[in-house]
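Let's take a walk through a protein model together. Have the structure open while you read.

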Amino acid sequence: MNRQIVRLIIASVVFATPLAAISQNDGHGDGHQEVAHEDVHEDAHDEKFVPGDFIMHHIADANEIHFWGDVSIPLPMIIYAEGLGFDVFMSSDFHSEHGAHGGHGPSYATGPSTGVEYTKGESGVTAQNEHGEALNIWDISITKSVFGMLMILTLMIVMLRSAAKSYTRRPGQSPTGLANFLEPLILFVRDDIANPIIGKQKAAKFIPFLLTTFFFIVGCNLLGLIPFAGGFNITGTIGVTIVLATLVFVITSINGNKHYWGHLVSPPGVPALVKLIVVPIEIFGIFLKPIVLMIRLTANMSAGHIIILSFVSLIFIFNNSYGAVGGIGIGIFSTLFMIFMYFLELLVAFLQAYVFTLLAAIYFSEATQEPHH
Amino acid sequence: MGALLTPAFGTVFWATVAFLAVLFILRKVAWGPILKALNDREASIANSLREAERAREEMAELNSDNERLLQEARAKRDAMLKESKEIAEKLVSDAKAEARDAATKEIESARVAIETERKAAVAELKAEVAKLSVDIAERLLKDELADTDKQKNLVDKLISESTIS
């Protein structure tokens, strides 16, 4: 046990030293320095390290996959300018006014097919026509989260299809390879979430959705944990979780039986006056449930990222304020905490997928429950 | 911060399209076959277990059947042995009784024959004796009654002897 602690401390010293050294360099204004662990790049030499911006930059969605320093992969922009048509171009076409590559502050690009001037600012892309009037646009660009999501979904199809093939190839046999790895998760969703909560007969039609949701959330969560891989925060993107939550709401409402709606609109055995209070609350509740589902997942995943990034920021802050000694010193503790947080996040990645699937199953079961009194 | 809490149209659009597409694709190519395979396998395992249990029960039944048959055979053998012993004993005792009867009958007939012989002999003897006595008496009488005196004496003697009362 003691030996393990010693090892952990040594590891954290090893990791912390270059981190502190980098932040030292950064602090002295070497803007092109490649950052090893987490990136911080500064456009202006005298710009100070702002932890809030640094963290938000990482957890917010973006139009490119940013690895470290200047290394990033541009993603396609797909914008429909109302009345003018589609514009498809790469995000690397956006340039800051003074020629530097995108960073802080707005950047600009011209639509290749419509000639519209697009401005990318803090709150997304806006457009003006040649007269300087604001244009109505629909931005369906492949952002970082969308790209990650498509990657995970493709991976799911590939993996699960090959697993399915191995089942049909060896019917009745024990699973091998990928199927062997996925089977416990599939059985977990089926036997520990869907069947006991919804009931075996009714669960069958919900299981594909629950399985897809579970694997999707786990996949996205785990992708976000891979360091240097662009800092994906797919399940921390509200646009993704709102879709999952909406689907849960739609499926619950479609499958709601007479008993479910009856209890909602007119709970039996409740006095009329109380009904006046209860019914609006109940109706509010059916909307609240998926909203809570969405916020829980988004907040949990973003919070994990924020905590880890905060520990990284601590190193930079101390380094800038107290020099290398402060940086290395706090770096040891930060790294120790980050290692701890990584394990915690690994747990949370599965836990949140479980919680989301479990609650979805509970809502489905409420909607399909038969009267029992 | 606002960007974090406002769902972007593009993200929602792609998430809806992609997720639903994948949901339908997976339902066709993955979940269907996988869940079916899992159910089939579970059913076959349950079936095998049930069959094994039944085979075990049948085995036990067979064993008990065998035991019963053996028991029956043993009892039958014992009964047969006993029966044959009885028959043998009966045969022996019958033979003995028959022999005894035959012997008794023989002895009886022998005795009867002897008795008859004896009676015949006795009768013959009696006849002989009678003849002899008559002869002797004849000869005596011949001698006695050779003269009249002697006849008279005899008659007198006889008369006196046979006292008339």
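Predicted model: local features only at pLDDT ≥ 70, side-chain atom pairs only at ≥ 80, totals over all residues.

## Domains

Which domains does the domain assignment of chain A give? It gives domain 1 (76-139) and domain 2 (144-148 + 186-368). Take their C-alpha centres, and you'll find that domain 1 and domain 2 of chain A lie 33 Å apart.

Chain A has a mean pLDDT of 78, with 85% of its residues at 70 or more. Among the elements of chain A, helix α6 (residues 207-225) has the highest mean pLDDT, 91, while helix α1 (residues 2-27) has the lowest, 61.

## The four-strand sheet

Now for the strands. One open sheet has 4 of them, in the order β5-β6-β7-β8 (chain A), with antiparallel pairing. At its edges are β5 (95-96) and β8 (124-128) of chain A, each pairing on one side only.

Strands β6 (residues 107-110) and β7 (residues 117-121) of chain A run antiparallel and are joined by 4 bridges.

## The three-strand sheet

Another open sheet has 3 strands, ordered β4-β3-β9 (chain A), and the pairing is antiparallel. Strands β4 (85-90) and β9 (137-139) of chain A each have a single partner strand, so one side of each has no neighbour in the sheet. From one strand to the next, the twist averages 20 degrees.

Strand β3 (residues 76-81) of chain A pairs with β9(A) over 3 bridges, in the antiparallel sense. Here Tyr80(A) has Trp138(A) as its bridge partner in β9(A).

Key: Residues numbered from 1 in each chain as written. Chains lettered and ligands numbered in written order. pLDDT = per-residue confidence, 0-100. Helix = DSSP H or I, 4+ residues; strand = E, 2+ residues; numbered from the N terminus. Domains from an automatic or database assignment. Pairing = 2+ DSSP bridges. Axes fitted to C-alpha atoms, helices over the stretch in contact; angles between N-to-C directions.
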